[in-house]
Amino acid sequence: MKNYLINYVEKKYIKNDICLNIKIGYILRVQIWVIEFNKKRLQSFQGIVISIKNKGINSCFILRKISNGEGIERLFKFYSPIINKIIIVKKNTKKSKAKLYFLRDKNYKYF
């Protein structure tokens, strides 16, 4: 009974238009809404997917990119209202691990 109520409440927040067929190693561009003072604008974040967690409404993925020689990681929730669009830039079919945390030690640009 408890899981039924949770699923019922979560169902209205799940968006079907978000690209959910992404995999580890894909290079994505995520467009998010940023609110600065009283202006709302789109900002894009492009990086490689190093981790995916599938837990219903709490599903998330981590993108990593190199900016000015520093590695930046950002966690995105699939069903977050700040996400406008997820664009697949490149599909990498070669992957050797389920989580690509070893890329944290790499300091070069890989895409």
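The accessible surface of the protein chain comes to about 8,000 Å², and carbon and sulfur atoms hold 51% of that surface. Accessible areas come from the Shrake-Rupley method with a 1.4 Å probe, and for residues only the protein chains shown count as cover. The model is predicted, so local features need pLDDT of at least 70, side-chain atom pairs count only at pLDDT 80 or more, and totals for chains, interfaces and linings use all residues. Residues are numbered from 1 along each chain as its sequence is written, and side-chain values use heavy atoms, with hydrogens and water left out.

**Exercise 1. Describe the order of elements in the protein chain and the extent of burial**.

Solution. 
Step 1. The elements are DSSP runs numbered from the N terminus: helices (H or I) have at least four residues and strands (E) at least two. One helix and five strands are found in the protein chain.
Step 2. Read from the N terminus, the order is α-β-β-β-β-β.
Step 3. Burial is judged by relative accessible area: buried means under 20%, exposed over 50%, and partly exposed in between (1.4 Å probe, protein chains only). Of the 111 residues, 32% count as buried.
Step 4. A contact means heavy atoms within 4.5 Å. Among contacts with a separation of 6 or more, 58% come from residues 24 or more positions apart.

**Exercise 2. Find the salt bridges and state which residues they join into one network**.

Solution. 
Step 1. A salt bridge is a side-chain nitrogen of Lys or Arg within 4 Å of a carboxyl oxygen of Asp or Glu. The count comes to three.
Step 2. Arg-41 pairs with Glu-36, with the closest N and O atoms 3.0 Å apart. Arg-41 is partly exposed at 35% relative accessibility, and Glu-36 is likewise partly exposed at 35%.
Step 3. Glu-73 and Arg-64 meet in a salt bridge of 3.1 Å, N to O. Arg-64, in strand E3 (residues 60-67), counts as buried because its relative accessible area is 7%.
Step 4. Arg-104 forms a salt bridge with Glu-73, the closest N and O atoms being 2.7 Å apart. Because Arg-104 lies in the segment after E5 and Glu-73 in strand E4, the pair ties together parts that are 31 residues apart in sequence.
Step 5. Through shared partners, salt bridges join Arg-64, Glu-73 and Arg-104 into one network.
Step 6. Side chains of opposite charge can pair when their charged atoms come close.

**Exercise 3. Is Ser-51 buried or exposed, and which side chain makes a polar contact with its side chain?**

Solution. 
Step 1. Ser-51 lies in strand E2 and counts as buried because its relative accessibility is 1%.
Step 2. A polar contact is a pair of N or O atoms within 3.5 Å; within protein, one must be able to donate a hydrogen and the other to accept it, and residues adjacent in sequence count only if both atoms are side-chain atoms. The side chain of Ser-51 has such a contact, of 3.4 Å, with the side chain of Tyr-101.
Step 3. With neighbours within four places in sequence left aside, Ser-51 is in contact with Ile-24, Cys-60, Phe-61, Ile-62, Lys-99 and Tyr-101.

**Exercise 4. Locate Ser-80 and state its burial**.

Solution. 
Step 1. Ser-80 belongs to the loop between strand E4 (70-77) and strand E5 (83-90).
Step 2. Ser-80 is buried, at 15% relative accessibility.
Step 3. Ser-80 and Lys-15 are 65 residues apart along the chain, and their C-alpha atoms are separated by 9.1 Å.
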